[in-house]
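Reader: Hi! Could you walk me through this one while I have it open?
Author: Happy to, let's take a look.

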Amino acid sequence: MTPRQAARARLTTFRVVVLVLVGLFFLVPLLSMLDFSTRNFTGTGRTGAAWALLVTDPLLRGSIITSLVLAVLTVVLMLVLLVPTMIWVRLRVPWVARPLEFFCLLPLTVPPLVLVVGLKNVVLWLNFLFGDTPYVLTFLYVVLVLPYAYRALDAGLSAIDVPTLAEAARSLGAGWATVITRVVVPNIRTALLSASFISIALVLGEFTFASLLNYNTLQVVINLQSKANAQESVAASLASILFAAVLLIILSVVSGGRRGRAVASAAPLPTGTAPAAAPAGTAGS
Amino acid sequence: MKPERGTGVEVRLEELHRHYGSTRALDGLDLTLRPGELVALLGPSGCGKTTALRILAGLDEPTSGRVLVDGRDVTTVPANKRDMGMVFQAYSLFPHLTAQANVEFGLKLRKVDRARRAARAREMLDLVGLADQASRYATELSGGQQQRVALARALAIEPSVLLLDEPLSALDAKVRTQLRDEIRRVQLEVGTTTLFVTHDQEEALAMADRVGVMSKGVLQQLDTPQELYAHPVNAFVADFVGLMNRVPAEVADGRVRLLGTEVATLDGSVTDGAGVALLRPEQLTVRPDPDGTAEVVDVMFSGAVSRLRLRAGEQELVSQLSGSALSGLSAGTRVRLGVDAERLLVTAP
Amino acid sequence: MARRSGVRLRPALGVLPFGVYLLIFLIVPTVTVLIGAFAENGRPSAANLAALADGSVATALLNSVAVSAVTALIGGVVGALAAYAVVTGRPDGVLRRLVTSVCGVLAQFGGVTLAFAFIATLGISGVVSTWLDAHLGTSLTSSVWLFGLKGLVLVYSYFQIPLMVIVFLPALDGIRPQWREAAANLGATGWQYWRYVGLPLLAPAFLGALLLLFANAFAAYATAAALVSQGSPIIPLWIRTALTSEVVLGRQNFAYALALEMIVVVAAVMIGYTLLVRRTARWIR
C-alpha cells in the first residue's frame, strides 16, 4: 500500500466511524419513539391504540386542527405582510432595505421567551378585539417565523433582477399592483413555497407562546397528555416530527439544484461571517 | 544534496500511464527536461498535460511509469518530500497569512531560523517586485500580485524543479503578458528546471526553451518554438500551434496544385493524389487583381501586421500582411492569391 | 420643497403596514421588557434587577451558561467532525444531499417532541434504558438524571449537532484544495497542514458557530419545559415560574428582569463574536 492509499483508507475509516456514530445518535431516539408508542405494556405484541388516539381523542384532535389552522393563518398573514413589503422596498425605497433586514432578523437575538414576556399587554388587547381564541397567536407566530421567511424570500428576490423586470413591465403599461402580482410573484414561486413550508413547520412545533399564554395547541396538548398517557404523547410527537420532516424534504426537492439550502434556510455562511445573520436553529425549542 | 542556485537538474518522465477507469489521461508519456530549461506543455483541455504536472509534483500518482529527478527515482516519494515549488492557477495563497508569511511558509517547515527566513522572503519578494507589499493579505492583492507572491513562495524553498500550472489563465490580458515576461526573467535568473503547463500557445511559444504539444495523453512533438511553428510533425501540431488555413490540394510529381497556382513541394512524405495543404496566414500572399479568383471579406488592422479575411469560392482563408502591403486592399477588392512554397505541409484529406 | 419631499416619502408609505406590525409585535414587547425590568408597581425600581442576584436565580444563570457552553462545545466538535466527514465525500453526492436535508429538519426539531423522543428512549420506561438495565445491569429506569441538567445537555445536543453541521459546511467548502496541495508542495505533512493552515483558517468560523450554538441553547425553552417539571434549574424555566405564578419573590415585574438578563447575555455573545472577528482577522474581508 502506498502512503497515499494508506491516507485514503484512514480517511474512509474516519468518515464511516463518524457518520455511523452520529447517525445512530439521531436514529435511536426516533426508533425508540416508534417502539415505545406501539408497545403493549399490559400484554404482548404490538398495539396501535396510542396512534388511534390521534383521531379519537377529542382534545388531541382539536389541538391538531387548531395548530393546522394556525399554520395556515400564519402563512397567509406572513405572505401578505412580507411579500409586498419586500418587493416594494427593492423597487421604490431601497434605503429601507438595511433596517428591514435588521428588524426581520431581530427575533433571532430576542428569544421568543423574552417576546412573550413583553407581549402580555398586547395579547390583552388582541383578546379584547378578537375574543379569547387561540387564533390570536397568528400575530405572534408571524414574528417567530419572520427571520426564516425573510431569508427564503430574500434569496428568491436576489436571484431575479426585480427593478429591471418592473421597468420592463411598466414600460408595457403595467401598474404597480400588476407588477407585483403578475410579474414578480410568479418569478419567486420557489421562495414563496420555502417561506411557507418553513413557517408551517415552525408553527406546528411551537410551544413557548401557546403554553405560556394557555392555548391548547398541538405541542401544549402533547405535553399535557403525557401525564395521563405517555404513549399517546410519544405517538403524537413522532407524527408531528414526521409531518414536519416530510414538508421540509418536499421543500428540499422542490428547491432542487440548490441542495436543500432553503430547508436549512440556515445560513450558508461564508467562512467567518457573523453568526448574528444565522438562524438560532430551534425557534421553538 | 540540494542543487546550487543557477544549476538546474534533469527531469525525466518515463512511459507514464495514468488511467481513470477506461479514460487514459496519460497514455505512455515520455518527456525529458534538460537541466535549467523551461519546457512548456501545451495542449487542449483534457490532453493530460495537467496530469503530467501533478504526477511530477507528487499530487497524483501514475498507473505505471517512472519519474526521475536528477537520476533519482521519486515515483513513490510523497509530495511533501519532493522539494518542488509549484504555482497554481489561482487562489493558492494561504489567506490567513501575509505575503511575507506565505513566502516564509516552506522555510518555516524546514526549520530555517526566523531571521534567515525573513531575509530570504524579502529577497524573493524583491525578485518578483513586491517588496513593498510584504505585509498584505491575499485579499488585499490583485490577481497578478497574488501570482507573483505564489512564485516567490515556490522559489523561496530553492526547489529542485519549478512547476507552473496555468499560472496566468485567471488574469486579464494585459497583466498576463507582463507577468509572463516576468516569470521568464525570474526563471532565467534562478536557473531552476521548470515545467510549465498551458493551453495558450502564445504563452508557450513566448516563454519556453522547448514546447511539448500533447494530445490524448501522448506527447506529439517536443521542439523549440521556432521549429514547432515552422516544421510541425503532424496536422494536430500544425493546427494547434498558430493559425492555419486548410486548403484542398492535388499532389503530383513533387508539385502541389492549390488555389489556382502550382508550387514545388519540399516535403518528401507527401504521396501523390488529393490532400489538404496547411498554410500559415503569412504564407498566403495577396495582390490586387480585378481578374483574381478571391475576394477580400474584411481587413482587421492591428498595428504593424494586419489580418485579411478572404473568400475564394467556398473556401474561407486568412492572410497576414505587414501594414504597408495593405494599400489598395479593402472589403470587396478582388485579389490574386500566391503561396510561399517554403515549409508547405500537405496531409491526407 | 414641500412637494419634492412628498414625492420622496410617498413610496415609503408602502412599507407602513409592515412597519406598524413590527412596532406592535416586535418593538413594543422588547421595549416593554427593557422598561419593565427597571420598574415595580408603576414606579422606577432596581428591585427586580437586584433580585437577579438572589441565590437560586444566580445559580440558574450559572446553570444556563454551563448547559449552553457544554452543549455548544459538544455540538461544535461533533458537528464539525460530521461536517468534515460529509465534505470529504462527493460534493454533489447523495450523502451530502441527505445529510443537509436531514440536518435542516433536525436543527428545527426541538421542543416538546424532542423531550418525548428522549423520554421514550432513556426515560423511566424508555426503550434503551430498559434494555440497558436488563443487559448491562445499569439502573437507568430508576434514575431521574434525564430530567436534570445532564439530561438537558444530552437532549440539547440533538439539535445542536445538526445546527453545527449546517452552519459549518459552508466554512469547510471555503477551504480550497489548492491550499492543501500548496502546503504539501512546500513540504508540509498532513499534521503540519492542519496545524499551520487548516485549523487557523477554520478557527474564526468555528468560534462563530460555537457562539451561535451557545445563544441557541441559552434561548431554548420548550425542551426544558417539557423535560423538567420540578423546580427551575435554568433561567428560561425561572421565566415560566415568574409568568405563571403572578408574583415571584414578592415582585410582579420579575419576569421582565429575567427577560432582560437573557437579552443581555445573547447580545453580549453576538457582540463578542463581532469584535473577535474584527480584532483577530484582517484576512477576512
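**Strands, domains and a chain contact**

Author: Let me start with a strand pair: in β14(B), Val276(B) is the bridge partner of Pro248(B). Keep in mind that this is a predicted model.

Reader: Nice. In what sense do β11 and β14 of chain B pair, and over how many bridges?
Author: Strand β11 (residues 245-252) of chain B pairs with strand β14 (residues 273-279) of chain B in the antiparallel sense, over 7 bridges.

Reader: And what about β14(B) and β20 of chain B, how many bridges there?
Author: That pairing has 3 bridges and is antiparallel, with strand β20 covering residues 345-347 of chain B. Leu278(B) stands opposite Leu345(B) of β20(B).

Reader: Switching topic: how is chain B divided into domains?
Author: Domain 1 of chain B spans 11-239 and domain 2 spans 243-347. Their centres, taken over C-alpha atoms, are 38 Å apart.

Reader: How many residues of each are in contact?
Author: On the domain 1 side of chain B there are 6 residues, in contact with 5 residues of domain 2 of chain B. Helix α8 (residues 235-240) of chain B gives the most to that domain 1 side, 3 residues. By class, the domain 1 side has 4 nonpolar, 1 polar and 1 charged residues.

Definitions and conventions
Residues are numbered from 1 along each chain as its sequence is written. Chains are lettered from A and ligands numbered from 1 in the order in which they are written. This is a predicted model: local features need pLDDT of at least 70, side-chain atom pairs count only at pLDDT 80 or more; totals for chains, interfaces and linings use all residues. Domain bounds come from an automatic or database domain assignment. Two residues are in contact if their C-beta atoms, placed from the backbone, lie within 7 Å. Helices (H or I, at least four residues) and strands (E, at least two) are DSSP runs, numbered from the N terminus. Ala, Val, Leu, Ile, Met, Phe, Trp, Tyr, Cys and Pro count as nonpolar, Asp, Glu, Lys and Arg as charged, and the others, Gly among them, as polar. Two strands pair if DSSP finds at least two bridges between them.
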